[in-house]
Amino acid sequence: MIAKKIVNFAENPYTMKANQLIIRYFTFLICYVISCTANAQDADFERLLSRFNNANDQVQAANEFFQYVEKVFPGDCAITFSKGTPEDSLRQQVWYWAAEVYHDAQNYESARQYALRALPLFRYDNEDKAYCVKLLAIINVRLGDFSAAATYGKQALDITLKGGNADEISSVLNVLAGTYMAANQAEQAEQYILKGLEYAEAANNSGRKAILLGMASEVYHKLGQDRRAVDYAQSAYALDSAQGREGRAAVRLSQKAAALIGLEDYKGARATLERAIPVLRATGNLHSLAISLNQLGFCMVNQQQNADAIPLFREASQIFDKMGDLYNLTHSHQGLYKAYWDNNSDSARIELETFNQLRDSLYSQASAEALSKYKAEFDADRLEAENEQIRKAHQRDIIIGIVLLIVLLAGVFVFIRRSLTRHRRAMQALISEVDEIRAAMNEKVTVEATKTIQQATPNKEDEKETFLHRVVEAVEDGLRTGHTDVAHIAAELHLSEQTFRRRLVDATGQQPKMFISAIQMERAAEALMIDPERPISEVALVCGFEDASAFSHAFKRVYGVSPSRYRLNASTK
């Protein structure tokens, strides 16, 4: 049996920084010591897990593994296997608890891999399986896959409703609320969290209730009801403080600070965050720490202290990037964009571009389509349904899943087609521009003569034209030497990569890689028509492609046909 373990999903507020250098110094030392200890523990864990996966005597290896895990989760997994225990039972337990350890260490991708390996080994819908499915829901939220998280969360809810354990039901409802919060659907989250609080009250578990109260604070903050959000966070903080749960109490403070920011009480929010951040550093709660750093950064931006906000956003972004938390990483780059805006327009533009790319990745058309299927109104009667009704719900979910899959596939197909069409139009427009640049280059004697004219009568259009001439020449030189990467072209123009990128975007509206590709494709089309007998592989080489198949794929994306078909069509005209 898997020992019961409370998973603190709600420790994901939207809020944090300590001002005094002495506090930051000592908390850094504490974190450093914790980090060194954790690294040593990680090595032991990896060794024991690898030994189990490769051991002939898996029983002994599993028992040694659980002796280690018991130190990580005291009292949760005091498991000892006897000789003759089936291999599937050993793997089920070891892989599940490996996922728990990885999740606790915030290594979410490894946690997901082991939880997925363990899940098929839970053959019955019981409490043990519910733990595994719930863990997968939490992990997928951390990784930004909200559709998968909602699916696992609903599966865990079905299982726990069968068992009737109020504490576990409230835990799963909290996970579902957190999933919809992360997916930016606070209205759905509200229904789950309110029902979860009812079950937490019935279970009389103060720790669970504090977690749900904290999540309720986040939900109402998202809904714009910040006064109510402050009250929920304060109630959660009181429960955790009374029980001596210092780390969790710090999370409640950061949740309260988020609501105070919503009320534009930046002074109160900063004071609250400055109490929370040192504790979060000391306890090693990096995820909540990074969220709080983001929130403190936004406080400072609103108080016109942009320079002080930049290192906060930067530290938070590094943590989120390492964890793969796209949702919160977008907020870090949004903060950096705002903090840089007044004093460093180039850096602000880079951060804004990064923010837009991350946001588009997180809320892609496919993800939005999948999540829309989960927007059905929360059905309170379903929570009271008998087992027969739950089985019917399973059948309905299977049908919905099939329909959802079909819709997703259709949506992905349409999205790819539209993207390809947009890319082709943009590339053909760029190729036409490259042709015009070549024609202009032939009309003018030399680029140096153009420079002389510019020095005498500066003109923005002439500067733009001269710059594009130089880019085309640098790319063509690069094609001859096999160096067409952005960094090399920028160096040939005696520009930094960042300055080159900015100037080319200003001149053409396109990124350097696309402009370089347009020159390659224009040259390829010309080479195919000039020498009909020349092998395609040779044309690919002179156009900067070492692999003929990659060249054919790139060419077809632009011209809609393969290089050989393009040549044949041109010869018949």
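How many residues has helix α24, and how far does the helix reach from its first C-alpha to its last? Helix α24 (residues 512-530) comprises 19 residues and reaches 27 Å between those two atoms, close to the 27 Å expected at 1.5 Å a residue, the expected span being 1.5 Å times one less than the number of residues. The model is a predicted one, in which local features need pLDDT of at least 70 and side-chain atom pairs count only at pLDDT 80 or more, whereas totals for chains, interfaces and linings use all residues. Residues are numbered from 1 along each chain as its sequence is written, and side-chain values use heavy atoms, with hydrogens and water left out.

The secondary structure of the protein comes to 27 helices and zero strands, where helices (H or I, at least four residues) and strands (E, at least two) are DSSP runs numbered from the N terminus. Of the 573 residues in the protein, 48% are buried; here buried means under 20% relative accessible area, exposed means over 50%, and partly exposed lies in between (1.4 Å probe, protein chains only). Helix α24 is mostly covered, with 14 of its 19 residues buried. The protein exposes about 27,700 Å², of which carbon and sulfur atoms supply 51%, the areas coming from the Shrake-Rupley method with a 1.4 Å probe and, for residues, with only the protein chains shown counting as cover.

I406 has its place in helix α19 (residues 387-443) and counts as exposed, at 53% relative accessibility. In general, an α-helix has 3.6 residues a turn, so residues three or four places apart point the same way.

Rings of Phe, Tyr and Trp (its six-membered ring) pair if their centres lie within 6.5 Å, and planes under 30 degrees apart count as stacked, over 60 as edge-to-face and the rest as tilted. Both partners are buried, F45 with a relative accessible area of 2% and Y102 with a relative accessible area of 7%. F45 and Y102 also belong to a cluster in which ring pairs link them with F65, F66, Y68, F81 and Y114.

The charged end of R228 sits over the ring of Y220, 4.1 Å from its centre, and R503 lies over the face of F467, at 4.3 Å from the ring centre.

The structure holds 22 salt bridges, each defined as a side-chain nitrogen of Lys or Arg within 4 Å of a carboxyl oxygen of Asp or Glu. Among them, E201 and K209 meet through their side chains at 2.7 Å, N to O; E201 is partly exposed, with a relative accessible area of 49%, and K209 is likewise partly exposed, with 25%. The side chains of D240 and R245 also meet in a salt bridge of 2.7 Å, N to O, in which D240 counts as buried at 0% relative accessibility and R245 as buried at 18%. R349 forms a salt bridge with D506, the closest N and O atoms being 3.7 Å apart. As R349 lies in helix α16 (residues 345-362) and D506 in helix α23 (residues 497-508), the pair ties together parts that are 157 residues apart in sequence. R349 is partly exposed, with a relative accessible area of 44%, whereas D506 counts as exposed at 52%. A network of salt bridges links K134, D167, E168 and R208.

Most residues other than glycine have a negative phi. N184, in the loop between α7 (166-182) and α8 (186-203), has a positive phi near 65° and is partly exposed at 44% relative accessibility. H494, in the loop between α22 (486-492) and α23, has a positive phi near 60° and is exposed, with a relative accessible area of 72%.

Conventions:
Lys NZ or Arg CZ within 6 Å of the ring centre and 35° of its normal.
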